[in-house]
Amino acid sequence: MSDAPEDGGKPKRPQQVYSLIVEVGRKEGDGLPPKATGAALLCYASGVDEAEAVRETVAILKEADLSPLEVQGLGNLEERLKSGEEIDDEERFLMERALKENSVIVAEITPFFD
């Protein structure tokens, strides 16, 4: 028995969760504080690779009337642990939730003010 799917295509790559920092600008109806000039969002997004996680995150944020300007990838859980980061239980829970739900979780929003 092979690992190839029944449809004859390539084996499905497993989903992973990537940590992303997304900088957003202002847009009418974005829900940011009135005097904010933008914000940084910490997101956990599932995808077969970081590029897919970024695409999905940007698409969802645009649907939520946010204006993504720049995305910085922090890596997946394994990569972050290898680099010496400590990941607390709350962060792990949110990552697991993003994976389980195949979703994007916005964990933190830090508004920018001039």
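Q: Is N102 buried or exposed?
A: In this predicted model, N102 is exposed, because its relative accessible area is 52% and the cut-off for exposed is over 50%.

Q: Where does N102 lie?
A: N102 is in the loop between α3 and β4.

Q: What is the phi of N102?
A: The phi of N102 is near 50°, which is a positive value in a residue other than glycine. Most residues other than glycine have a negative phi.

Q: Which residue just after α1 takes a positive phi?
A: That residue is D65, with a positive phi of about 60°, although D65 is not a glycine. D65 is located in the loop between α1 and β3.

Q: And how exposed is D65?
A: D65 has a relative accessible area of 35%, so D65 counts as partly exposed.

Q: Back to α3, then. How many residues does it have?
A: Helix α3 covers residues 89–101, which is 13 residues. From its first C-alpha to its last, α3 reaches 18 Å, close to the 18 Å expected at 1.5 Å a residue.

Q: Which residues of α3 are buried?
A: The buried residues are E91, L94, M95 and A98. They cover an arc of only 100° around the axis, so they lie on the same side of α3.

Q: Why do residues three or four places apart point the same way?
A: An α-helix has 3.6 residues a turn, so residues with that spacing point the same way.

Q: What do the buried residues of α3 pack against?
A: They pack against β1, β2, α2 (77–82) and β4 (104–112).

Q: Which exposed residues does the other face of α3 carry?
A: The face turned away from the buried side of α3 carries the exposed residues D89, E90, F93 and K100.

Q: E91 is a charged residue in the buried group. What is its relative accessible area?
A: The relative accessible area of E91 is 13%, which means that E91 is buried. Leaving out residues up to four places away in sequence, E91 touches Y44 and R80.

Q: What happens at the start of α3?
A: A side-chain oxygen of D88 comes to within 3.2 Å of the backbone nitrogen of E90 there.

Q: Now α1. What is found at its start?
A: At the start of α1, a side-chain oxygen of D49 lies within 3.3 Å of the backbone nitrogen of A51.

Q: What span should α1 have?
A: At 1.5 Å a residue, the 14 residues of α1 should span 20 Å, and the end C-alpha atoms are 20 Å apart, which agrees.

Q: Which residues of α1 are buried?
A: In α1, A53, T57 and L61 are buried. Their arc around the axis is only 60°, which puts them on the same side of α1.

Q: What do they pack against, and which exposed residues are on the face turned away?
A: The buried residues of α1 pack against β1, β2, β3 (67–76) and β4. The face turned away from them carries the exposed residues R55 and E63.

Q: Changing topic: how many residues are in the largest nonpolar core?
A: The largest nonpolar core has 14 residues, and those with the most contacts inside it are V22, V24 and L41. At least two residues of this core come from each of β1, β2 and α1 (50–63). A second, separate core of eight residues includes L42, M95, A98 and I105. In soluble globular proteins, nonpolar side chains tend to be buried together.

Q: What is V22 in contact with?
A: Apart from neighbours within four places in sequence, the contacts of V22 include A39, L41, T57, L61 and V71.

Q: Is G31 buried or exposed?
A: G31 is exposed, because its relative accessibility is 72%. G31 belongs to the loop between β1 (16–25) and β2 (38–47).

Q: To finish, in what order do the elements of the chain run?
A: From the N terminus on, the order is β-β-α-β-α-α-β, for a total of three helices and four strands. Of the 114 residues of the chain, 32% count as buried.

Notes
Residues numbered from 1 in each chain as written. Predicted model: local features only at pLDDT ≥ 70, side-chain atom pairs only at ≥ 80, totals over all residues. Heavy atoms only, no water. Buried < 20%, exposed > 50% of the residue type's maximum accessible area, 1.4 Å probe, protein only. Expected span 1.5 Å × (residues − 1). Arc of directions from axis to C-beta. Contact = heavy atoms within 4.5 Å. Polar contact = N/O pair within 3.5 Å; in protein donor to acceptor, adjacent residues only side chain to side chain. Core = buried A, V, L, I, M, F, W, Y, C linked by side-chain atoms within 4.5 Å.
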